[in-house]
Amino acid sequence: MAPLGRKLRVLIAKPGLDGHDRGAKVVARALRDAGMEVIYTGLRQSPEQIVSAAAQEDVDAVGLSILSGAHLAICRRVIELLKEKGMQGVRVFLGGIIPAQDIPELKKMGVAEVFLPGSSTQDVVKLIDTELGGASGTPPRPPLASRE
Amino acid sequence: MSTKKTVEETPPVVETPASPTHTTISGRPIAPLYRPEDVAGLDYERDLGDPGQFPFTRGIHQTMYRGKVWTMRQFAGFGTPRETNARFKYLLEHGSHGLSIAFDLPTLMGRDPDHPLSLGEVGKCGVAISSLQDMEILLDGIPLGEVSTSMTINSPAAMLLAFYIAVAEKQGVGPEKLSGTVQADILKEFIAQKEYIFPPRPSMRIVVDMIRYCTERLPKWNSISISGYHIREAGSTAAQELAFTLRDGVEYVQWCVDAGMDVDRFAPRLSFFFNSHSDFFEEIAKFRAARRIWARVMKDRFGAKNPRSWMCRFHTQTAGVSLTAQQPYNNVVRTALQALAGVLGGTQSLHTNSLDEALALPTEEAVTIALRTQQVIAHESGVVNTPDPLAGSYFVEKLTSDIEADALEYFRKIDAMGGMVAAIERGFPQREIQEAAFQFQRAVERKEKVIVGVNEYVMDEKPFPILYIDERVAEEQMGRLNALRASRDGAKVRAALGRLQEVARGTGNVMEPILDAARAYATLGEMCDALREVWGEYVEPPIF
């Protein structure tokens, strides 16, 4: 969670081999416009690289963009690595082409929210605000990874 | 997802508000009325010409669809080579004449299935092909001298083409008999889809080598499909799609000419691939403008004399990005309108997307509806009866000229930067597209652009049944890859890869050593790694 008075820091990441980055870039820009500090990893980052960037940049949330069908394997690994590094407080959210049947499993592993095609960037801003008490200053809920 | 039933609810009576500004989906303002003075400068012979006549604004053939309707070519591929082989055989048995192969991401990115970045990707969005052995399975029992095959592959196009040639050799079919296309358009990868491996200049060298090889050895093969589809999907406007695609075409022609090739020998085999998006008239105007620009560029800029070098032949696919995950059946209607625009725009072949593609790869039922959509247009609508039926419309002609002018303005900017490769290195087309994508998203969120079922006319829905691909493909592919590595002649593979690196460092044609490496059962990942060592890998600056 962001210390008081600090801007929320969000890492937007494109894991896997897919290069379709339209969604990742539009979300990155919308979050920046909403007053957050946004770091974009660029393309083709392994889960290890993403988690290491999240640690280095001391982010409050990680947004993953996956359109290729690799979401289960990748989210599982990213969340595992966050736990290994003691970074359970970092919220993970996901956007892309995600079959509805996978959403319960993704949420069970600790993904805060899944944004499907047609989602508004304002929904992403709202989610981060609610989860992390961002601009509204409301107290954050307990970290997702400890809710299991 | 809510499962609340909505059928009992009476839809509220809604007043549809007039759009705050009358603009196309690309943000182009549209006048209240078009009149003769809007097209007063247009000269029929000079600017339109009859169908089949320079500058081909009205179509590349005299009779267009009266002679033969467009080729209905549906793109397919999933899972293992064996599964896709079964689908291909089914398609051929049911009257299809051409194959169109979709590859998975490890294949598209030149990675073997056991590479760490292939985690979760094997066989997911296409078929997994990592060696000649996989290609032998994929094409087993398919007579390569008789079918035409389109392969959607870019960075490793030379390797996949080599696998294809090598399978044909084993069937006793010579390269001169092979007919088909590799996409091989690396420039639009840097601009939009981002499936690049090597930096732009060595990537261009592979393309030039491949065009030369195809021109000399595979006379029936389309060496490249210069694509705007992905540029549009990444968020460009219609004019940007047109401008960047055709300017990419100019760049390929220039590089081939600079490499000493005769334009009239290779240009007739160049083909294009466009998106057909939702703004009906803007798309039709874009297709017409594409033919006019290309004809003039080839004749005036490159001095081409063969009429076939002047013709912009193109494939069209409806806009995947326009499909919504909400109320998926509405996508059938969107696709039908987009397909109709492609047909009225004079496309040579067409792929219609399936209604469930915002959710997953399509089910067989969804693919069938997509194909039937084309058949309804071809056989029931009557639009095939006369070529370019919208010619002479004040609006369509004005829009055609306006989009052409916008595209030519981009040509001037890119020429001033030193060409498309230089423009890409500066990030110019990438930034233009990124900005257009953001502006569109903002317009949607402000409801300046209405998307039915997404920002208006929303309702609760039931879950929709989709095609689901599991993790078992990766295991099967890795098992076969390990067995291949253990059984092949390792020394022969190492020698072939060494030879490939040697040619890559020099100036020879890389196609020959790639073919030899393919025949020795070097894997796709090994060949690409050998070239990564020589040329390095491209990393895009992460700007947004």
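Me: How do you know how far to trust chain A?
Reply: By pLDDT, the predictor's confidence in each residue, from 0 to 100. Chain A averages 87, and 86% of the residues score at least 70. This is a predicted model: local features need pLDDT of at least 70, side-chain atom pairs count only at 80 or more, and totals for chains, interfaces and linings use all residues. Residues are numbered from 1 along each chain as its sequence is written, while chains are lettered from A and ligands numbered from 1 in the order in which they are written.

Me: Which stretch of chain A has a pLDDT below 50?
Reply: Residues 135-148 of chain A. The stretch still has 21 contacts in the model beyond near neighbours in sequence. A contact means two C-beta atoms, placed from the backbone, within 7 Å. Where pLDDT is low, the predicted coordinates should not be read in detail.

Me: Why is Ser68(A) called buried?
Reply: A residue is buried if 20 or more other C-beta atoms lie within 10 Å of its own, exposed if 12 or fewer, and partly exposed in between; C-beta atoms are placed from the backbone. Ser68(A) has 22 such neighbours inside 10 Å, so it counts as buried.

Me: What surrounds Ser68(A), and where is this residue found?
Reply: Ser68(A) sits in the loop between strand 3 and helix 3 of chain A. Helices (H or I, at least four residues) and strands (E, at least two) are DSSP runs, numbered from the N terminus. Leaving aside neighbours within four places in sequence, Ser68(A) is in contact with Gly16(A) and Asp18(A), and with Leu105(B), Glu121(B), Lys124(B) and Cys125(B).

Me: How many residues do the two chains bring to their contact?
Reply: 37 residues of chain B are in contact with 33 of chain A. On the chain B side, helix 3 (105-108) and helix 17 (428-445) each supply at least two residues. Helix 17 of chain B gives the largest share, five residues.

Me: What makes the span of helix 3 of chain A close to the expected one?
Reply: The expected span is 1.5 Å times one less than the number of residues. Helix 3 (residues 71-84) of chain A has 14 residues; 20 Å is expected, and the helix reaches 20 Å from first C-alpha to last. Its buried residues include Cys75(A), Val78(A) and Ile79(A). Just after this helix, Gly86(A) takes a positive phi of about 70 degrees.

Me: What does Val92(A) have to do with the largest nonpolar core?
Reply: A nonpolar core is a set of buried Ala, Val, Leu, Ile, Met, Phe, Trp, Tyr and Cys residues joined through C-beta atoms within 7 Å. The largest has 184 residues, and Val92(A) is among those with the most contacts inside it, along with Met210(B), Ile514(B) and Met527(B). Not counting residues up to four places away, Val92(A) touches Cys75(A), Val78(A) and Ile79(A), among others. Met527(B) is one of the buried residues of helix 21 of chain B.

Me: Why is chain B called as compact as a globular protein of its length?
Reply: The radius of gyration is taken over C-alpha atoms, and the globule rule is 2.2 Å times the number of residues to the power 0.38. For 544 residues the rule gives 24 Å; chain B comes to 23 Å, close to that, so it is as compact as a globular protein of that length. Chain B has 21 helices and nine strands. Of its 544 residues, 50% count as buried.
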